[in-house]
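Here are a few exercises to work through with the model open in your viewer. Try each task before you read its solution.

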Amino acid sequence: MSKTILIVEDHEDFRQILSGILAEFGYRVREATNGHEALRSVQQSVPDMVLMDLSMPKMDGVTAARRIRNLPETQAMPLICMTTYGEPFRQAALEAGFNELLPKPFDIDLLIKIINRFING
């Protein structure tokens, strides 16, 4: 059975590219455009992993991560931060509940290594 990854990203082009890459590797993909949509999506059905941008309209990634982590059913779910802000934001991301930071733009090999480490381990 293939794993489900929720992509939370406000830029449609990036979301489509990432969805295509993940689908090629056999993952089922769900999408959300902001933190509010991500929270609703996770509450409806917990994915195997969430890849979430930090900077989004309506609800940013840090706020969304904190709210998602407050749900009992998401405590073990891997939550990966995707950001152009890079390493200076690693500590803030980890404190918000993210498991890892993936700097944008990212290498596909690094993306797959992170996914494998957390959900295919």
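This is a predicted model: local features need pLDDT of at least 70, side-chain atom pairs count only at pLDDT 80 or more; totals for chains, interfaces and linings use all residues.

**Exercise 1.** Check whether the length of helix 1 fits its number of residues, then work out which residues are buried and how they are arranged around the axis.

*Solution.* 
- Step 1: Now pick out the buried residues of helix 1: Arg15, Leu18, Ser19, Ile21 and Leu22.
- Step 2: These cover an arc of only 165° around the axis, so they sit on the same side of helix 1.
- Step 3: What do they pack against? Their partners are strand 1 (4-8), strand 2 (28-32), strand 3 (49-53), strand 4 (79-83) and helix 5 (108-120).
- Step 4: Walk off the end of the helix, and you'll meet Gly26, with a positive phi near 90°.

## Strand 4 and its partners

**Exercise 2.** Describe how strand 4 is covered, and find the strands it pairs with.

*Solution.* 
- Step 1: Count burial with the under 20% relative accessible area cut-off: five of the five residues in strand 4 are buried.
- Step 2: On to pairing. Strand 3 runs parallel to strand 4 and is joined to it by four bridges; Val50 has Leu79 as its bridge partner.
- Step 3: To get from strand 3 to strand 4, the chain passes through helix 3 (residues 61-69), making a right-handed β-α-β crossover.
- Step 4: Strand 5 (residues 100-103) also pairs with strand 4 in the parallel sense, over four bridges. Here Ile80 is partnered by Glu100.

**Exercise 3.** Which residues of the largest nonpolar core touch the most other members, and which elements give two or more residues to it?

*Solution.* 
- Step 1: The largest core has 22 residues, and Leu6, Val8, Val50, Met52, Ile68 and Phe98 touch the most other members.
- Step 2: Two or more residues each come from strand 1, helix 2 (35-44), strand 3, helix 3, strand 4 and helix 4 (90-96).
- Step 3: Zoom in on Val8. Leaving aside neighbours within four places in sequence, its contacts include Ala38, Val50, Met52, Met56 and Met82.
- Step 4: Finally, look for a second, separate core: it has 17 residues, among them Leu18, Ile21, Met49 and Leu111.

Definitions and conventions:
Residues are numbered from 1 along each chain as its sequence is written. Side-chain values use heavy atoms; hydrogens and water are left out. The expected span of a helix is 1.5 Å times one less than its number of residues. Buried means under 20% relative accessible area, exposed over 50%, partly exposed in between (1.4 Å probe, protein chains only). The arc is that of the directions from the helix axis to the C-beta atoms. Contact means heavy atoms within 4.5 Å. Two strands pair if DSSP finds at least two bridges between them. A crossover is right-handed if, with the strands pointing away from the viewer, the path from the first strand over the helix to the second runs clockwise. A nonpolar core is a set of buried Ala, Val, Leu, Ile, Met, Phe, Trp, Tyr and Cys residues joined through side-chain atoms within 4.5 Å.
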